[in-house]
Structure formats: structure tokens, C-alpha cells
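Subject: Structure for you to look at, with notes

Dear colleague,

Here is the structure that I would like to hand over to you. Please keep it open beside this message while you read the notes below it.

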Amino acid sequence: MGTNGNEEVTSLYSLSCRDRRFSKHIHDNVHGNIYLDPFFLQFVDTEQFQRLRELKQLGLTHMVYPGAVHSRFEHSLGVYWLAGEAVYTVQGHQGSEINIERNDIRTVKLAGLLHDVGHGPFSHLFEREFLPRVLNGSEWSHEDMSVKMIDYIVDAHHIEIDAAILNNVKEMVLASSANASQNTVNEKRFLYDIVANGRNGIDVDKFDYIVRDSRACGLGCNFQFQRLLETMRVMGDEICYRAKDYLTVHKLFATRADLHRTVYTHAKVKAIELMVVDALTLAHGELSISASIQEPAKFWKLDDSILRQIETSDKQELKKARDLVLRIRRRDLYQFCNEFAVPKDKQEHFKDITPQDIVCSQKNGDTPLNEEDISVSIVKIDLTRGRSNPLERIMRVITNFR
């Protein structure tokens with residue numbers, strides 16, 4: 001994805017010329033020029049959206065891959081841009097056949113812009129590791145908070161927006177989550193698959209973060225989203241792709257899985273994440289970190305800087321948490337011991353390993369370990385569809401067209 005890649009993207013986007021006289025121009029290192037018209041700037045120019053600058057897209061990964069300092073702010077702009085390009089592509093090729101209206105375009109682009117506005121600190125660590133520990137199995141999700149934050153931004157900044165657009169934006173944000181609306185969309189269901197695709201997992205959110213994360217970490221990326229973006233069509237109220245793009249679709253899921261193996265779940269990254277979870281847990285009693293998770297008015301003030309807050313505090317109550325953060329700074333990390341992979345066909349018979357299992361399996365003469373000395377991290381890496389192959393689902397929608 002070097003210079004030629006950017007030229008290819010720019011060429012693709014220039015096919016759909018829009019009125020940009022009143023738009024703000026931002027240059028993105030992945031997509032080139034991104035344009036925001038006044039309607040979307042109402043959301044971008046708020047303290048709640050600008051907060052995304054303080055949330056690193058890959059959480060603590062930059063402590064292993066120093067280049068991975070990009071934020072959810074730039075990712076959100078990228079998803080906004082690609083969402084618009086996806087709509088313009090199918091509209092340009094199919095026109096009145098699919099009856100895309102101006103409000104449809106606004107809705108999809110706004111969903112792309114705001115899909116991560118409710119994200120917590122340190123990528124997914126906050127909701128998957130920290131909150132379940134301090135709130136006894138919490139099922140809080142950033143998608144649900146994004147919906148609440150969207151309502152809060154509209155109300156707090158007196159943004160005039162059609163109620164139907166607002167409702168559809170929130171449904172699109174939730175489309176691939178566990179709390180997706182159960183109401184059946186009677187028309188233009190394909191629009192809900194663009195930002196967060198709950199049907200087959202192919203969406204512009206992945207288009208952006210796969211390329212952006214790979215580039216930031218200095219890794220090569222064989223997945224070329226431009227090919228899929230340029231040739232997508234709507235058939236049977238679903239976005240479809242050419243049969244000969246089968247391998248490109250496969251690369252989308254394979255590259256994502258590779259990023260999980262080599263970057264997101266890197267042994268040192270996991271060690272640092274475990275230490276940060278422990279530090280946040282120790283600091284929780286003093287800082288009440290989880291107190292704001294249902295209140296957008298307070299939640300938007302929570303970001304990655306909380307680690308710095310712990311580190312620089314003089315409070316005695318935060319000493320244990322502060323010492324853990326200092327260990328991270330001084331690279332005195334939890335030590336990686338061992339790992340093993342469980343074959344897919346054996347997983348249903350596999351019992352999750354616990355610290356107790358490891359303590360009980362110690363041999364005589366080994367340095368004795370207690371359960372509190374051990375952290376077990378169980379990582380499940382798939383192609384977005386659990387044990388199912390997502391291509392089996394996509395095979396039914398891939399088709400040939402001119």
C-alpha cells in the first residue's frame with residue numbers, strides 16, 4: 001500500500017464528483033483527501049468526537065509496535081469516507097434501480113463517522129477485560145455507548161437532524177453487535193451492511209482498520225479494499241461481489257486473522273494489557289473508573305490519559321497501581337511462560353485452563369507458584385464467524401455481473 005495505492009484510491013474516488021465548495025478538507029495518510037461538509041462538521045467539531053484523538057486505535061500495542069499510535073479519530077474519519085464511497089459506487093452503477101436518496105447517503109456516512117464514538121480507553125481491553133472484572137461479568141459494550149453518545153451529542157449541541165435519520169444511524173452502528181435491532185428492515189437492508197455488517201462481516205470498518213493498522217505497524221498488507229469497493233453491487237437487497245473477487249474476500253478475513261496473531265495478541269502486548277488491567281483494578285476504588293459508563297456526559301471525559309493520571313498521582317491509595325505502571329515504563333513486564341494452540345475440531349472438548357490448573361500441575365523441585373502469581377490469557381482467533389467459515393456464507397451472495 002505505497003504511493004501507487006494512494007493514487008489508485010484517489011482515482012477511484014474522483015469518479016464520483018460532489019459539490020465540495022463548503023466542505024473542510026483533511027488529508028489522511030491512508031485515503032488521501034477526505035472532505036467533510038457542514039452537516040458532518042457539526043459532529044466532528046464537538047469535544048465528544050474530538051475525544052477520539054485521545055484513544056489509540058490499538059490501545060497498548062504501540063508499546064511493542066512504536067508506530068501504532070494512530071487514533072480512533074482518524075479511523076472514524078476513514079470509515080466515514082469509505083462508507084460514502086460505497087454508497088456512491090452502488091448508486092453510480094445502479095441508479096434508480098436501488099433508489100438511494102440524499103438522506104440515505106447522509107445516514108450511512110454519519111453512521112461511519114460515529115460508530116466508535118462510545119469507545120472506552122485502551123481499545124477493547126476496557127470492555128472485555130477491565131469492566132467484567134470490577135463489575136462481575138459486565139456486558140457493557142462500546143456500541144451501546146456509541147448510541148447513547150450520539151443522542152447526547154445531538155442534544156448537548158442542539159444539532160438539527162431528522163428523527164428518522166438519527167434512528168437509522170443508531171441501528172447501523174448496532175448492526176453487527178449482540179444488541180442489534182430485532183426489527184426487520186423492510187427496504188434498503190443493504191445500507192445496514194456497509195458500516196457494520198452483521199450478515200457476512202464484509203464492511204468498510206474492516207476495510208479501514210486492516211490497512212491502517214498494517215501500515216502503522218510497518219507490516220505488509222495483501223488485502224486491497226479498492227477492488228471490492230469499486231465492484232460491489234446490490235442484488236436481492238444485499239451487497240454482492242464478483243465471483244472472481246473470491247480471493248480478495250478471503251484476504252480480508254485472512255489478513256484480519258493474521259493481525260490478531262502477530263499484533264493484537266502479541267505476547268508482550270498481552271503482558272502489558274494484563275498489567276494495565278491489574279493497575280486499573282487497583283485504582284478503581286479510588287478513581288471510580290466505571291462510575292461513568294452509563295452516563296455520556298461523564299464518559300466522554302474518560303480516555304487513555306487515565307494511565308498517566310495514575311502514574312503521576314501522589315495519592316497513597318494509588319501506590320500499588322502506580323508501581324505497576326512504573327514497571328511497564330521500566331520494561332519490567334509480566335513474564336511470558338508458554339502457549340499452545342487448540343485445533344478447531346477439538347475446541348468443543350477443551351476445558352479452559354485456569355491458574356489453579358497450573359498450580360496443581362507443578363512438579364516437585366519447581367519454584368512454587370500461587371494462583372495470584374499466574375495470569376492465563378485465552379485468545380480465540382477466527383474469521384469473524386466463530387467456527388464457521390465466513391466464505392460459506394458469502395459464496396451464496398457472490399455472483400457474476402458485467
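The notes below go from the whole chain to single residues.

Please bear in mind that this is a predicted model, in which local features need pLDDT of at least 70 and side-chain atom pairs count only at pLDDT 80 or more, while totals for chains, interfaces and linings use all residues. Residues are numbered from 1 along each chain as its sequence is written, and side-chain values use heavy atoms, with hydrogens and water left out.

Overall make-up

The protein has 17 helices and 4 strands, where helices (H or I, at least four residues) and strands (E, at least two) are DSSP runs numbered from the N terminus. Of the 402 residues in the protein, 49% are buried; here buried means under 20% relative accessible area, exposed means over 50%, and partly exposed lies in between, with a 1.4 Å probe and protein chains only. Among contacts (heavy atoms within 4.5 Å) between residues at least 6 apart in sequence, 70% join residues at least 24 apart.

The strand pair S1 and S2

Strand S1 (residues 24-28) and strand S2 (residues 32-36) run antiparallel and are joined by 5 bridges, two strands being counted as paired if DSSP finds at least two bridges between them. A hairpin of 3 residues connects S1 to S2, and the bridge partner of His25 is Tyr35 in S2.

Aromatic rings and charges

There are 11 aromatic pairs, under a rule by which rings of Phe, Tyr and Trp (its six-membered ring) pair if their centres lie within 6.5 Å, with planes under 30 degrees apart counted as stacked, over 60 as edge-to-face and the rest as tilted. One of these involves Phe39 and Phe40, whose ring centres are 5.1 Å apart and whose planes stand at 80°, so the pair is edge-to-face. Phe40 also forms an edge-to-face aromatic pair with Tyr80, at 5.1 Å centre to centre and with 65° between the planes. Phe39 and Phe40 are both buried, the relative accessibility of Phe40 being 1%, and Tyr80 is buried with a relative accessible area of 0%. Ring pairs link Phe39, Phe40, Phe43 and Tyr80 into a cluster.

Two arginines sit over rings, in the sense that NZ of Lys or CZ of Arg is within 6 Å of the ring centre and within 35 degrees of the ring normal. Arg106 lies over the face of Phe39, at 4.1 Å from the ring centre, and the charged end of Arg53 sits over the ring of Phe73, 3.9 Å from its centre.

Backbone and loop residues

Asp237 has a phi near 60°, a positive value in a residue other than glycine; Asp237 lies in the loop between strand S3 (233-235) and strand S4 (238-240) and, at 27% relative accessibility, counts as partly exposed. Arg331 likewise has a positive phi near 60° without being glycine, and Arg331 is placed in the loop between H15 and H16, where at 44% relative accessibility Arg331 counts as partly exposed.

Val342 is found in the loop between helix H15 (319-329) and helix H16 (355-360), and is partly exposed with a relative accessible area of 24%. Leaving aside residues up to four places away in sequence, Val342 touches Gln347 and Phe350. The C-alpha atoms of Val342 and Lys380 are separated by 9.5 Å, although the two residues are 38 apart along the chain.

Ala297, in helix H13 (residues 296-299), is partly exposed with a relative accessible area of 35%. Ala297 and Lys148 are 149 residues apart in sequence and 9.8 Å apart in space, C-alpha to C-alpha.
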